[in-house]
Amino acid sequence: MNGKIVGAALVSHHPGLMQSDEFRRMQGAGTDSDLIAGYARLRERIATAAPDLVVIFDTHWFTTGYHLVDAGDRYEGTYTSDEMPWYLHGVPYGYRGLPSLAYEIEAVSRERGGFNRAIRHPGLGRHYATINLVKQLRLELSDTPVVSVSSCQNCRWAHFLESGDTVGEGIRRSGLRAVLLASGALSHRFNDIDWTPVHPRIFHESNVSRPENIESDKGAIELFRQGRHDQVIGRWDEEYRRRNWEAFGAHYLQMVGAMGGADCRAPGEPLSDYENARGTGNIHVWFNT
């Protein structure tokens, strides 16, 4: 029962970050996305935290009926996105899982009558909300185990908090030190396919799809700075749900649920600029636990 969450972060994973340096600088009107430098800052925080594993709340792994926890031993292959195979393809990966934690989380959930289940299937596909972080944070090189958690699509915000609380209890019972990564954007409304950028730097915040989304995202970032997760949760239905956070906010809500939900006061430190990606609002924020 001595396991502990030793750090957490909201992290962007958008596919543009996986393109070449030259391409990103071209898209950035001569300057790279600050999210790339932000990955280096995040790597330093993770190294200092010295976790036994990383848990990724994956906004692209949509499930129905259960919050699934990947219980595989190891994952190897070459990733091609079915969403945009012309843009994100040929990404080799090889990293460890940690089945014992997945089954611990399921055991907690069954005790509580909940909906978290471990899944161990050799044919289960990968998603870039996990793969891109594994690559950018160099988790393969450090041989750090990674456990992905799904975004269950027939859930309300309270269900995600409950799922996160179950994950947190599983970590405590495991005796392991974990870093949590909420992999996804804040507001997640795309620009139309024929949209023309309003700023030559594609990453510039003015290219986010709607001014009200920018305002809302920045308000949430300020609440993160203050550690006021209670206010983010309290405003969920009236504001943040309406801004269409990625995957219904499953990544953030499960992460903060594992850290105490509305009682969490972990302050958030931005590790990158707030940037656009296809109209969505992206940033890296580290939470000191």
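A crossing of two helices is right-handed if the near helix is turned clockwise from the far one by less than a right angle. That term is needed at the second stop of this tour of a predicted model.

**Confidence**

Colour the chain by pLDDT to begin. The average is 97, and 100% of the residues score at least 70. Among the elements of the chain, the lowest mean, 96, belongs to helix H5 (residues 139-142), and the highest, 99, to strand S8 (residues 177-183).

**H3 against H6**

Select residues 99-112, helix H3, together with residues 157-174, helix H6. Their axes come within 8 Å and cross at roughly 120 degrees. The crossing is right-handed.

**H6 against H9**

H6 contributes Trp157, Phe160, Leu161, Ser163, Gly164, Asp165, Gly168 and Arg172 to the contact, while H9 contributes Ala250, Leu253, Gln254, Val256, Gly257 and Ala258. The classes are 7 nonpolar, 5 polar and 2 charged residues.

**Val69 in strand S3**

Move to Val69, in strand S3 (residues 67-70). Its relative accessible area is 0%, so Val69 is buried. Which residues surround Val69, leaving aside its neighbours within four places in sequence? The contacts are Trp61, Ala102, Ile105, Arg117, Ala118, Ile119, Val147, Ser148 and Val149. For a distance check, pick the C-alpha atoms of Val69 and Ala266: the two residues are 197 apart along the chain, and the atoms are separated by 24 Å.

**Helix H4 and the residue after it**

The buried ones are Tyr128, Ala129, Thr130, Ile131, Asn132, Leu133, Val134 and Gln136. Just after H4, inspect the backbone of Arg138, where phi is positive at about 55 degrees.

**Ser216 in helix H7**

Next, centre on Ser216 in helix H7 (residues 211-226). Ser216 counts as buried because its relative accessibility is 3%, under the 20% cut-off. Apart from residues up to four places away in sequence, Ser216 touches Glu239, Tyr240 and Arg243.

**Two loop residues with positive phi**

Finish with two loops. Ala247 lies between helix H8 (229-234) and H9, and its phi is near 55 degrees, a positive value in a residue other than glycine. Arg278 is in the loop between strand S10 (275-277) and strand S11 (280-282); although not a glycine, Arg278 also has a positive phi, of about 55 degrees. Are these residues buried or exposed? Ala247, at 8% relative accessibility, counts as buried, whereas Arg278, at 54%, counts as exposed.

Key
Residues numbered from 1 in each chain as written. Predicted model: local features only at pLDDT ≥ 70, side-chain atom pairs only at ≥ 80, totals over all residues. Heavy atoms only, no water. Axes fitted to C-alpha atoms, helices over the stretch in contact; angles between N-to-C directions. Helix = DSSP H or I, 4+ residues; strand = E, 2+ residues; numbered from the N terminus. Buried < 20%, exposed > 50% of the residue type's maximum accessible area, 1.4 Å probe, protein only. pLDDT = per-residue confidence, 0-100. Contact = heavy atoms within 4.5 Å. Nonpolar A, V, L, I, M, F, W, Y, C, P; charged D, E, K, R; others polar.
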